[in-house]
Amino acid sequence: RRNRLLARMALGLLALLVLGGSLYLWFKNYRQEQAVQQFLTLLQREDYPNAYALWGCKVETPCPHYDYKSFQEDWGPSSAAGKVRSFRLGRSRETGSGVIIPVAVNDRPPVKLWVETKTGVLGFAPPLL
């Protein structure tokens, strides 16, 4: 009877560890995925100034490396993908100080976006990652 109780406890502990590990892997990049989802939702609404702000830039004071005109060329209604009608996030992965999230917009080939873990600022993933 004692052995059966120990076996059940060991099995329960193992199940708890597997469940906990699975939940950790499923939700570890949740905040970064939500930032990308918010960005794409803003693009769907055509709220480009607030979408640009998620890149750490403002229309009034644009980033020197990515001005608002370039942002509009990449994400605006006249971009290669056009107006965002649909999007799908791919499997995210951590690397260095951020998370890379592939994003398919309007059923086009995925674009890899980078979300800085500490600040939540978006950008394009480096080409080699």
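Visitor: Why is Cys-63 called buried?

Guide: This is a predicted model, and the value is computed from it. Cys-63 has a relative accessible area of 10%. Buried means under 20%, so Cys-63 counts as buried.

Visitor: What makes Cys-57 buried or exposed?

Guide: The relative accessibility of Cys-57 is 2%. That value is under 20%, so Cys-57 is buried.

Visitor: How do you know that Cys-57 and Cys-63 form a disulfide?

Guide: Their sulfur atoms are 1.8 Å apart. The cut-off is 2.5 Å, and 1.8 Å is within it, so the pair counts as a disulfide. The structure holds one disulfide. The angle about the S-S bond is -105°, and the link of Cys-57 and Cys-63 is left-handed.

Visitor: Why is the pair of Tyr-52 and Tyr-68 called edge-to-face?

Guide: The ring centres of Tyr-52 and Tyr-68 are 5.1 Å apart, within the 6.5 Å cut-off, so the rings pair. The planes stand at 70°. An angle over 60 degrees counts as edge-to-face, so that is the label for Tyr-52 and Tyr-68.

Visitor: What makes this pair a tie between parts of the chain?

Guide: Tyr-52 belongs to helix α3 (residues 48–53), while Tyr-68 belongs to helix α4 (residues 68–75). The pair therefore ties together parts that are 16 residues apart in sequence. Tyr-52 and Tyr-68 are both buried.

Visitor: Why is the pair of Tyr-52 and Phe-71 called tilted?

Guide: The planes of Tyr-52 and Phe-71 are at 50°, and the ring centres are 5.1 Å apart. Stacked needs under 30 degrees and edge-to-face needs over 60, so 50° leaves tilted. Phe-71 lies in helix α4 and Tyr-52 in helix α3, so this pair ties together parts that are 19 residues apart in sequence.

Visitor: Which residues of α4 are buried?

Guide: Tyr-68, Phe-71 and Trp-75 are buried in α4. Around the axis they cover an arc of only 55°, so they are on the same side of α4.

Visitor: What covers the buried residues of α4?

Guide: The cover includes the helices α2 (30–44) and α3. The strands β3 (98–105), β4 (111–116) and β5 (122–124) are also among the elements that cover them.

Notes
Residues numbered from 1 in each chain as written. Predicted model: local features only at pLDDT ≥ 70, side-chain atom pairs only at ≥ 80, totals over all residues. Heavy atoms only, no water. Phe/Tyr/Trp six-rings, centres within 6.5 Å; stacked < 30°, edge-to-face > 60°. Helix = DSSP H or I, 4+ residues; strand = E, 2+ residues; numbered from the N terminus. Buried < 20%, exposed > 50% of the residue type's maximum accessible area, 1.4 Å probe, protein only. Arc of directions from axis to C-beta. Contact = heavy atoms within 4.5 Å.
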